[in-house]
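Here are some short notes for a first look at this structure. Please keep the sequence and the model open while reading.

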Amino acid sequence: MRNNYHTHTNRCLHAYGTDEEYILRACEGGMTELGFSDHGPFPDKDYGLRMQYGQLDEYISSLDRLKEKYKDRLNILKGLEIEYYPAYNDYYRALLDEKGLDYLALGAHSFIDRNGEFKNIFFADDTDTVLDYAKNVCQAIETGFFRFVAHPDIFFLNDLPVDDNIERACAMMTDCAAEHDMILEYNANGYRRARRMYRDGFRYPYPHEAFWRAAAEKNIRAIIGSDCHAPDQVCDESFIYAEKKALQLGLRLCDCIF
Ligand SMILES: [Zn+2]
Ligand SMILES: [Zn+2]
């Protein structure tokens with residue numbers, strides 16, 4: 001069983017179960033390392049769908065306690081999945097250096113677009129927005145704060161035309177990842193969502209084959225991310241299916257993120 005570095009907890013209020021239940025499920029599935037990456041808070045603003053900043057220390061101490069308790073069975077890493085806003089560079093550094101997190105995963109669910117407006121990638125209504133998303137991802141990669149990019153192709157959940165902007169966005173992100181040897185995450189959570197008819201065919205919202213074929217051609221390192229929001233998703237059939245698809249696409253899968 002491959003290891004997983006994308007695990008949520010009930011602190012984000014849209015995931016279920018205790019921290020320990022995720023760990024037990026990973027042990028049962030045969031994992032040797034499990035990375036927690038719940039949705040990270042910001043100190044001065046609540047962007048929603050994430051733990052409160054006041055819960056961060058408790059999250060870290062809970063994982064420290066469980067890391068010690070399970071040290072003979074599983075290596076536990078402490079991370080966060082978090083958006084990249086340039087104004088918070090000192091904060092990302094502090095999360096790693098002062099709070100002692102093992103890693104940050106870039107989850108660019110929202111970002112600031114070319115007009116300085118806050119955009120949510122789940123509701124992108126044109127392909128200019130996708131291009132701005134790709135710029136945000138590349139800018140984040142270049143900071144060096146992030147260990148991997150979670151679901152870089154998540155924008156494909158919007159039913160947009162596959163035009164020049166989309167092609168440029170895919171090329172920008174894969175070129176930037178190749179240049180910086182950044183790990184991209186092939187995200188199993190897309191396979192837990194319904195398949196439906198899009199302009200470019202009947203498919204899952206993500207992962208998107210065109211994006212990952214380009215990643216395979218550029219020999220980019222990839223991991224399978226469970227993106228589990230419940231303990232029984234840690235290594236479920238979607239996680240296993242994602243690995244199978246990634247191997248069929250010829251992706252260079254790596255076993256750990258360090
Ligand atoms: Zn979530
Ligand atoms: Zn995410």
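1. Start with the contacts of Leu34. Setting aside neighbours within four places in sequence, Leu34 is in contact with Asn3, Asn4, Thr7, Ile23, Ala26, Leu74 and Ile76. Two residues are in contact if their C-beta atoms, placed from the backbone, lie within 7 Å.

2. A note on the source. This is a predicted model, where local features need pLDDT of at least 70, side-chain atom pairs count only at pLDDT 80 or more, and totals for chains, interfaces and linings use all residues. Residues are numbered from 1 along each chain as its sequence is written.

3. Leu34 sits in strand β2 (residues 33-39). Helices (H or I, at least four residues) and strands (E, at least two) are DSSP runs, numbered from the N terminus. Why is Leu34 called buried? Because 27 other C-beta atoms lie within 10 Å of Leu34. The cut-offs: buried at 20 or more such atoms, exposed at 12 or fewer, partly exposed in between.

4. Now look at strand β4 (residues 103-106). Tyr103 and Ala105 point one way, Leu104 and Leu106 the other way, and all are buried. In a regular strand, side chains alternate between the two faces of the sheet.

5. Which strands pair with β4? Strand β3 (residues 75-82) runs parallel to β4, joined by four bridges. There, Ile82 stands opposite Leu106. Strand β7 (residues 148-149) also pairs with β4 in the parallel sense, over two bridges. Here Phe148 is the bridge partner of Ala105. Strands pair if DSSP finds at least two bridges between them.

Technical notes: Chains are lettered from A and ligands numbered from 1 in the order in which they are written.
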